[in-house]
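I am opening a notebook on a structure that I have not looked at before, and I will write down what I look up in the order in which I look.

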Amino acid sequence: MSHTSRNARQRLLALSSRQHIEARWGALGELLDDFPTHRCIRGPETGMAMLKGRTGGTGNAFHLGEMTLTRASVALDDGTLGHGWVRGRDHRHAELIALADAVAQHAEWQEALETQVLAPLVEELAERQRGDAATAAATRVDFFTLVRGE
């Protein structure tokens, strides 16, 4: 199995629900004997982030608005640092993302993280996206024009 890039892993964990991550995290903890303990070194703390947009996707940048964001940083017992960000105010979600980021930096835990946590979350996210697409498709309106023959 190829290892997920850090950006892809952070995105997947941020888009997944905290409940799904915690359920998978518990299974991972039971699988690994020497599972690491951690301590929070920053946060979790909630703040605001400015979102930027572009006119037409490629035009001039403009300030779209602000979004609530929660971040956390953790350190494992060996000093490995992990960082996590999530939209909204869920402190535990940000902490779990940071913990996964730190654990993924260890080769001995990375494969278990991939198979026990990330792979099932990829499937759950894909299923949710298929459901959202089906809901959107059900409300689709097809417009057509009648041409009068003259």
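Which order do the three strands of the open sheet have? Keeping in mind that this is a predicted model, I looked up the sheet and found the order S1-S2-S3, with the strands paired in the antiparallel sense. I noted that strands S1 (38-54) and S3 (81-87) stand at the edges with a single partner strand each, so one side of each has no neighbour in the sheet. On average, neighbouring strands of this sheet are turned by 25 degrees against each other, direction ignored.

Next I followed the pairing of S1 with S2, which is antiparallel and extends over 14 bridges. I also wrote down one pair of facing residues, in which Arg-54 stands opposite Ala-61 of S2.

I then turned to what lies across the sheet, and found helix H3 (residues 91-103) lying across S1, S2 and S3, at about 145 degrees to S3.

Is Leu-64 buried or exposed? I located Leu-64 in strand S2 (residues 61-76), and I recorded it as exposed because its relative accessible area is 57%, which is over the 50% cut-off. Leu-64 forms a nonpolar surface patch with Leu-51 and Phe-62, and together they have about 260 Å² of accessible area.

My last entry concerns Gln-10, which is found in helix H1 (residues 6-15). I recorded Gln-10 as buried because its relative accessible area of 12% is under the 20% cut-off. Leaving out residues up to four places away in sequence, I found that Gln-10 touches His-83, Gly-84, Trp-85, Ile-97 and Asp-101.

Note on methods. Residues numbered from 1 in each chain as written. Predicted model: local features only at pLDDT ≥ 70, side-chain atom pairs only at ≥ 80, totals over all residues. Heavy atoms only, no water. Helix = DSSP H or I, 4+ residues; strand = E, 2+ residues; numbered from the N terminus. Buried < 20%, exposed > 50% of the residue type's maximum accessible area, 1.4 Å probe, protein only. Contact = heavy atoms within 4.5 Å. Patch = residues over 30% accessible without salt bridge, like charges linked within 9 Å, V, L, I, M, F, W, Y side chains within 5 Å. Areas by Shrake-Rupley, 256 points an atom, 1.4 Å probe, with all protein chains shown as cover. Salt bridge = Lys/Arg side-chain N within 4 Å of Asp/Glu carboxyl O. Pairing = 2+ DSSP bridges. Axes fitted to C-alpha atoms, helices over the stretch in contact; angles between N-to-C directions.
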